[in-house]
Amino acid sequence: MTRTLVTSALPYANGPIHFGHAVGAYLPADCYVRTLRMLGEEALFVCGTDEHGFAITVGAENDGVEYPEYVARWRADIKRTFDRLGIEFDVWSGTSISPHHTELAQDFFRRLSEGGFLIKRASEQLYCPKDERFLADRYVLGTCYVCGAEDARGDECGKCGTWLDATRLVEPRCRNCGSVPEKRSTTHWYLDLPKLRDAHIGEWFQGHPWKANVKAFVENMLADLEPRPITRDMGWGVPVPEDLADGETGKVLYVWFDAPIGYISFTREWADAKGEPELWKRYWKDDSTRLVHFIGKDNIPFHCLIFPSMLWGQQEGYVLPWQVPAMEFYNLQGRKFSTSRNWTIPLDAFFETYDAEATRFYLLSSAPEAADSEWRWEEFQRCVNTSLADTIGNLATRVLRFVAKHHEGRIPAISPGLAEELDRVLLEECGELSDPAPSILEFRFRRATQELIAGAAVGNVFIDREAPWALRKSDPERSAAVLNTAIQWLAWIARAMVPFMPAKAQDLWEMLGGVGPVETQGWPGIPIAGSWRVLEAGTPLGQISPPFRKLTDEEIEAEVAALEARAEA
RNA sequence: GGCGAGGUAGCUCAGUCGGUUAGAGCACUGGCUUCAUAAGCCAGGUGUCGCGGGUUCGAGUCCCGCCCUCGCUACCA
């Protein structure tokens, strides 16, 4: 029995999330958590929005609303998408509203300072006098001092690709209001990453079996590490603790510094809500906890290096990540998802037409585990029609309608002798049986979806071999036993479907006459002859209806055309 | 520039420590079946494993070089 704390990257409360986000950090995590629970293991699933930072202040001001209102709007919008996808966190909060967050983030700063892991340093940064704020590099435009291109962004020139120093741009201007920024000296605190690496984090990282994409990337960074600023001149964020500010004012913790602390704040919020305020320590301060961060690859530095450094630097026994199953990127029909270029799938319309559970399955089956991958409408259609409707859905209807017609809608009887014989046929002679759970626990979600479908295919082979429609006349007892076995197999499928499609799994379970939540049946694993049947003969079936609607060529073609039309508009 | 990942059948991909005639799904063709959502089952593969070298009894797999695609490059989060 293990205990696992699962986090999904905190989405930034500055816009809607799309399927690329969902498949990168949220769906796999939800699937993983559901699998652990089916296996009887303890898991806690934590998420919420990341609500500080410069980009949010700009977004809110452009919309003419106060910061808290702005982030509350996106917090709700993002949550709605998760709800529709059936992603169920144990706690959902936000870094600007979670009760312990400010104090905890300040505490992190304080303890790092006491540990000697912070460096105070002055630097020159660009300040916009009109907007009265310091500008992040990417919010400054100007002429590239390398190639002369105009409208280069302060962090990188779009023309020549050079990584720029914003303060050296020729004719710089504020991206927001166009005025000329001035250089101002400002003091900030830096996290001494080289020191933390040498003290512990380097060794810790090396001694751990990471996913290939994580390992290569971080090893590289470890070799060439520099102190990183963790404060910012801004009014929106967690203030630097006054007692440590040395008279400096207007400083807040950098958003990336406070954001991952949100995982802990939210866990505390969850524990408070349960009426056991100390319970969060069971997850964060017990060595035996497995901390798993689901993220997109853009988040690897933070979750494999910086946040672990912050945690360890507390010297308070915080657990460090056990695994960071970072996904690569997910594109849409050959291009990057882009809200500004209208290369997106409008989700409100999408969920009115398409099934969220089938969408979960398709997303997991195409997840960018080892390389970038993409949503393709044609593949979505193929997946829904072939794998879900034909292989799983049709297996259910072909068996259940037969039973409805010839056995009064009740699960037919089976004798011990026939059970033994049919177990052998089904479990040994109808194709290879595989258990999706080990794949899920290794973060191989694509393979896991294939294994589920392979299981349903075994059911189809079994029915064809035994042909109960023919046996009905020649050997009615065997015909009944075959149908009993097929229904038991559907029950296996329903249970195995839970991590991928929890609601559909429940629908199927009830169609089979199953009572109560299918999750409570536990994970079915690979059936063992003689002990895998869970439904009683004589049990009345539920209402039979095809679990998955097939998608027509016309509607898929229309979706692709609409996508392209929106992008051109 | 630096780093990384990919390049395997028409399409999407799997190939663990190097080891038989390189696999799966889809698509396609033929046959069977008629319980079922025009679903199901069976059978059918002459692939330069990106290119060129090398190591080895043996390379898709390891080493070197090159070509192509994509991503990341931390003061956006």
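Which residue in S8 does leucine 141 stand opposite? The points below lead to the answer; the model discussed is predicted.

1. Overall content. Chain A contains 19 helices and 16 strands.

2. Burial and surface. Of the 569 residues in chain A, 57% are buried, where buried means under 20% relative accessible area. The accessible surface of the chain amounts to about 23800 Å². Carbon and sulfur atoms contribute 47% of that surface.

3. Contacts along the sequence. Among the contacts in chain A with a separation of 6 or more, 77% are between residues 24 or more positions apart. A student may wish to keep this figure in mind when reading the sequence beside the structure.

4. Charges. Chain A carries 60 positive and 83 negative charges. The mean position of the positive charges and that of the negative charges are 1 Å apart.

5. One sheet. Strands S7, S6 and S8 form an open sheet, in the order S7-S6-S8, with antiparallel pairing. Its edge strands are S7, residues 152-153, and S8, residues 170-174. Each of these two edge strands pairs on one side only.

6. The pairing of S6 with S8. Strand S6 covers residues 140-143. Three bridges join S6 to S8, and the two strands run antiparallel. The opening question is settled here: leucine 141 stands opposite arginine 173 in S8.

Terms used: Residues are numbered from 1 along each chain as its sequence is written. Chains are lettered from A and ligands numbered from 1 in the order in which they are written. This is a predicted model: local features need pLDDT of at least 70, side-chain atom pairs count only at pLDDT 80 or more; totals for chains, interfaces and linings use all residues. Side-chain values use heavy atoms; hydrogens and water are left out. Helices (H or I, at least four residues) and strands (E, at least two) are DSSP runs, numbered from the N terminus. Buried means under 20% relative accessible area, exposed over 50%, partly exposed in between (1.4 Å probe, protein chains only). Contact means heavy atoms within 4.5 Å. Accessible areas come from the Shrake-Rupley method with a 1.4 Å probe; for residues, only the protein chains shown count as cover. Lys and Arg count as positive and Asp and Glu as negative; His and the chain ends are not counted. The place of a charge is taken as NZ of Lys, CZ of Arg, CG of Asp or CD of Glu. Two strands pair if DSSP finds at least two bridges between them.
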